[in-house]
Amino acid sequence: MADANAAPAEPFDDFRRIELRLGTVVEVNDHPEAERLYVLKVDLGEEEGPRTIVTNIKADYPYDKMMGRRLLVVSNLKSANFKGVKSFGMLMAAEDREMGGDKLLLLEPSKDVPNGTLFMSGLESKGLRCEMKHLEKVTMKVAKVVDGKFMGMDIELPEDAPERVIALIDGDKAIALTDGNGCVMTVDGEIMDGAPAL
């Protein structure tokens, strides 16, 4: 039974458990035990140096499209072991395949901002360790914004926002995924409106 005295959840409360940071891929290697996986080194601007991140996007992004790429990382995700290689984060991408499309596109910033920049749309992170079960509660989608509306919901954007934006959705509310200073998360190609981003 729920506690009747518990404070109601704030809008986008599940999202506040996640920390999304911008990074640059500085090294790309094939996984030694899994031909479909990359082992990346991603610079998130941290003192300890680039993080190792294992990802399964090799079929969609050849080496030359990964090296030097700016992308968004779930930086507080619990580490995971992929066939003997430990991964310390997860890349964010939008995918429309379950909608009948054929695209998987990595999220990228609309402007050049420093590695480590936090993309929390002005919301404060709870500073907790994130697990996949927490990520699965968050709804993020990509779509074109038409007449100030994202999939029919009002959304505020900077004047120079890209054609497609990533937005957080909570019920009938949508807010753009931004750094809070005018940089918006987008994708680098055509994809179906409403494609989930995770």
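Biologist: Is Arg69 buried or exposed?

Modeller: This is a predicted model, where local features need pLDDT of at least 70, side-chain atom pairs count only at pLDDT 80 or more, and totals for chains, interfaces and linings use all residues. Residues are numbered from 1 along each chain as its sequence is written, and side-chain values use heavy atoms, with hydrogens and water left out. Buried means under 20% relative accessible area, exposed over 50%, and partly exposed in between (1.4 Å probe, protein chains only). Arg69 has a relative accessible area of 12%, so Arg69 is buried.

Biologist: Which residue forms a salt bridge with Arg69?

Modeller: A salt bridge here is a side-chain nitrogen of Lys or Arg within 4 Å of a carboxyl oxygen of Asp or Glu. For Arg69, the closest N and O atoms of the pair are 3.6 Å apart. Arg69 sits in the loop between helix 1 and strand 4 (70–74), and its partner, 39 residues apart, is in strand 9 (residues 104–109); helices (H or I, at least four residues) and strands (E, at least two) are DSSP runs numbered from the N terminus. That partner is Glu108.

Biologist: Thanks! How many residues apart in sequence are the parts that Asp30 and Lys58 tie together?

Modeller: The side chains of Asp30 and Lys58 meet in a salt bridge at 2.8 Å, N to O. Asp30 lies in strand 1 (residues 20–31) and Lys58 in the loop between strand 3 and helix 1 (63–66), so the parts they tie together are apart in sequence by 28 residues.

Biologist: Which strand gives the most to the lining of the largest pocket?

Modeller: A pocket is an open set of points on a 1 Å grid over the protein atoms alone, where a 1.4 Å probe fits, with protein on both sides within 12 Å along at least five of seven lines; lining residues have an atom within 4 Å of a point. The largest one is lined by 23 residues, with Thr55, Asn56, Met90, Leu91 and Leu198 nearest its centre. Strands 3, 5, 7 and 8 each supply at least two lining residues. The most, three residues, come from strand 8.
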